[in-house]
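Reader: I'm about to open my protein and would like to talk it through. Could you walk me through it slowly?

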Amino acid sequence: MVKLTAASVRIGATATSKAEAIRQVGQVLVEAGHIQPTYIESMLAREALANTFLGNGIAIPHGKPEDRDLIIETGIAVLQVPNGVTWNAGETARLIVGIAARSDKHIDILRRLTRVLGDTALVERLCQTRDPADIVEALTGSRPLPTPQSPGDYDQAIQVVIHNPTGLHARPATAFVETARRFQAAVRVRYGDAVADGKSLLSLLQLGVSSGASVTISAQGTDAPAALAALKALVESGMDEEAVAKDTANRPKVTYRGWEPQHVATTINGIAAAEGLAVGPIRHYRRAPLVVSDTPGDRMSEATALEQAIAEARNELELVAGEVSRRLGSSRAAIFRAHAELLTDPALMRETVSRIFDGHSAAWAWQQTIAARVAQLEKLDDPVLAGRTVDLSDVGQRVLRHLLGLGEMPFISLAEPAILVADDLTPSDTATLDPDSVLGLCTALGGPTSHTAIIARSLGLPAIVAAGTAVLDTEDGTPAILDGYSGRLYLRPSAADVEAARALRTGLDQKQAVAFATRHQPAITRDGVHIEVAANVNRVADVVRALENGADGVGLMRTEFLFLERDSAPDEEEQYQAYRAMVEAMNGRPLIIRTLDIGGDKEASYLNIAREDNSFLGIRGLRLCLRRPDLFEPQLRAIYRAAMHGPLKMMFPMVATLEEVQQAKAIAERIRAELNAPPVEIGIMVEVPSAAILADVLAQEVDFFSIGTNDLTQYVLAMDRLHPDLAHQADSLHPAVLRTIARTVEGAASAGRWVGVCGGIASDPLGAAILVGLSVQELSVSIPSVATIKAHLRGLSVADLRDLARRALACRNAAEVRAL
């Protein structure tokens with residue numbers, strides 16, 4: 001938005017004619033360096049062609065479009081004429097807003113003018129005020145602030161890391177904006193070179209901030225320190241995402257394999273978005289398109305209609321949020337609070353009002369603005385954030401219905417229970433579904449992290465997304481089985497397949513209940529082998545949840561989260577308190593603390609690590625620690641001090657060479673001796689091929705291995721696991737990865753060392769089964785997976801799993817492994 005300062009406001013002026021008033025306001029633009037003097041003649045010429053009087057004492061003189069080359073910089077000036085000047089017959093102007101616009105930066109002030117126009121008392125006050133700041137505040141929404149000291153950032157700034165699993169998307173961004181707006185200070189968020197208004201939801205979304213990204217928050221104003229402190233605390237708390245995580249934290253994940261119908265006419269493959277099985281006929285939902293014709297009326301009437309439609313849409317969203325909160329909880333209601341927040345975004349209003357002032361209807365202008373913003377979001381590299389286009393479209397449709405006089409959003413109703421098929425569904429569509437009549441969802445478009453998918457999971461509706469347009473060609477009434485586990489829609493199954501699906505669904509429900517009920521029982525296979533099933537955690541609070549879910553211990557405590565959520569590294573004492581609290585919470589159970597693993601996809605800007613072309617192959621993990629004793633040694637001291645309060649193990653991440661291990665062990669032993677602390681077992685993460693190949697050598701130096709299959713997979717397959725086009729191919733069940741794991745286990749066994757796995761495939765039932773078959777002795781899994789993995793292993797025998805592992809190693813690709 002163009003800045004309007006008090007220096008560009010002239011108070012108490014007099015003018016004997018319209019031309020004189022235009023010359024005076026034009027001179028203010030000249031003095032401010034916005035225009036060349038000859039542009040004033042263009043302003044006078046424009047007035048001869050078109051009346052710029054808006055009404056209620058306000059006029060907006062501006063030059064002819066063809067004379068924009070006379071504009072040095074977009075700017076606005078205000079001339080206050082308390083006694084008024086005749087503009088045209090019957091029109092008296094008292095506030096003359098001179099505009100020099102090379103672009104549409106002035107439109108936000110025009111939007112505010114439409115609001116000022118309707119407030120007679122405010123206009124009267126502005127026409128009489130002796131304080132230019134009153135006019136600046138009315139037209140910009142805030143009192144003038146000093147210019148930022150550096151491009152992009154205000155003079156007070158902090159750096160934070162966004163740890164929300166899906167980045168700075170609509171729900172957490174809404175919490176951020178709501179917090180920022182509690183303060184008078186202006187707030188900015190910078191991600192790389194891109195800068196967003198911290199009080200604009202859409203502006204934040206367009207940054208495309210993904211999980212693990214570091215951003216700079218800056219503020220300027222009298223309460224800037226308080227604003228930054230509140231925003232930092234908000235980010236560290238998870239920005240209201242904790243409630244979403246808790247929805248499923250205590251619900252075991254039950255996955256099944258090995259079943260598919262035997263006789264179906266067609267199988268449509270999509271992406272699994274919500275687990276479950278649905279059996280029933282297909283029913284299509286086709287949203288009637290909204291037809292918008294550009295039939296503009298009076299500019300001010302159109303602007304007023306826009307304001308009213310947005311207000312009505314916001315009122316609706318408040319009601320929807322309340323209903324969703326009652327049905328599904330506050331975390332799901334936050335989706336619709338985010339929608340309401342989008343409607344306060346000044347950028348949307350600015351662009352729409354710009355189109356209205358260009359001579360278009362409010363409905364057409366709004367539709368075009370939403371379409372343009374949707375196109376911008378679709379270009380984001382992060383698929384989760386790009387998927388928020390559905391939310392923006394949903395909001396856009398809600399306002400558009402009011403502009404067209406169509407009223408509230410329609411409900412989806414089915415005459416009989418059925419599987420709903422659509423090109424896509426908006427959150428508003430999904431929130432109104434009745435689980436008694438909608439058996440499941442299948443959409444041609446969409447993604448598994450969309451708000452629609454989240455709501456479907458909350459409703460307990462199995463769902464498939466991204467099934468392709470072929471699903472839209474199916475006939476209404478077609479019998480089907482929707483498999484929300486595998487992401488497949490089976491059309492026209494046999495009667496036997498239908499019966500089998502229904503029986504399987506009943507069995508899975510029972511298994512889920514049994515898994516959770518028996519979560520505290522050990523995972524002992526049918527032939528008597530005990531497999532330790534631990535959990536991956538980040539904080540002490542996670543330990544409590546892990547133990548409640550039946551974890552035998554903690555197989556991976558990621559200490560980097562102590563370092564990432566701050567502006568400086570935690571000191572020894574702070575780390576000691578954190579590790580001690582975790583040791584005491586474990587109450588004697590196994591605990592493995594991983595030393596600092598920064599680099600690659602995890603950054604801490606205050607460490608001043610040089611930017612690398614490929615950070616995954618650069619200074620990260622143990623390499624960084626060995627180069628930064630100021631980080632490594634305080635952490636080791638804190639760990640050894642915590643070990644005096646209970647058992648723990650320690651492991652080093654991203655080990656590639658023998659020399660790294662020997663050097664790290666020597667430092668650790670020196671510190672242990674200085675503290676006279678008890679010895680602790682020391683292990684290493686096996687995440688790169690060199691460590692797996694040297695496993696027999698490294699096993700002579702350490703007490704155990706923990707295989708990080710996520711990183712190991714990307715290094716073995718040379719596929720960035722964060723790459724949007726390659727991530728789905730980076731499958732940890734690829735035979736090349738499994739053979740690397742087998743090599744690691746063999747090397748460890750040569751020295752009598754045990755091997756655990758703390759990567760993603762340990763949380764997958766098939767992956768866990770194969771790992772045990774490869775003689776892995778400990779699995780450290782995501783907290784919701786603990787009960788499921790333990791129950792799954794109890795039903796198997798190690799002898800059978802060794803045979804399964806042998807067959808997996810003989811496969812040619814990941815698809816063949818997953819078909820076992």
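Author: Let us begin with a strand pairing, where V279 stands opposite I481 in β16. This is a predicted model, in which local features need pLDDT of at least 70 and side-chain atom pairs count only at pLDDT 80 or more, while totals for chains, interfaces and linings use all residues. Residues are numbered from 1 along each chain as its sequence is written, and side-chain values use heavy atoms, with hydrogens and water left out.

Reader: ok, and in which sense do β12 and β16 pair?

Author: Strand β12 and strand β16 (residues 479-483) pair in the antiparallel sense over 5 bridges. Here strands are DSSP runs of E with at least two residues, helices are runs of H or I with at least four, both numbered from the N terminus, and two strands pair if DSSP finds at least two bridges between them.

Reader: how many bridges does β12 have with β13?

Author: There are 3 bridges between β12 and strand β13 (residues 418-422), paired in the parallel sense, and H284 stands opposite V421 in β13.

Reader: why is β12 described as largely enclosed?

Author: Of the 8 residues in strand β12 (residues 277-284), 6 are buried, so the strand is largely enclosed by the rest of the structure. Buried means under 20% relative accessible area, exposed means over 50%, and partly exposed lies in between, using a 1.4 Å probe and protein chains only.

Reader: switching topic, how many salt bridges are there?

Author: The count comes to 27 salt bridges, where a salt bridge is a side-chain nitrogen of Lys or Arg within 4 Å of a carboxyl oxygen of Asp or Glu. One of them joins the side chains of E47 and K18 at 3.6 Å, N to O. Because E47 lies in helix α2 (residues 39-49) and K18 in helix α1 (residues 18-31), this pair ties together parts that are 29 residues apart in sequence.

Reader: are E47 and K18 buried or exposed?

Author: Both E47 and K18 are buried.

Reader: and what does R623 form a salt bridge with?

Author: R623 forms one with E660, the closest N and O atoms being 3.8 Å apart. Since R623 lies in helix α22 (residues 622-627) and E660 in helix α24 (residues 658-675), the pair ties together parts that are 37 residues apart in sequence. R623 counts as partly exposed at 22% relative accessibility, whereas E660 counts as buried at 11%.

Reader: last one, which residues are joined into one network?

Author: Salt bridges that share partners link E572, E573, E633, R637, R641, R670 and E674 into one network.
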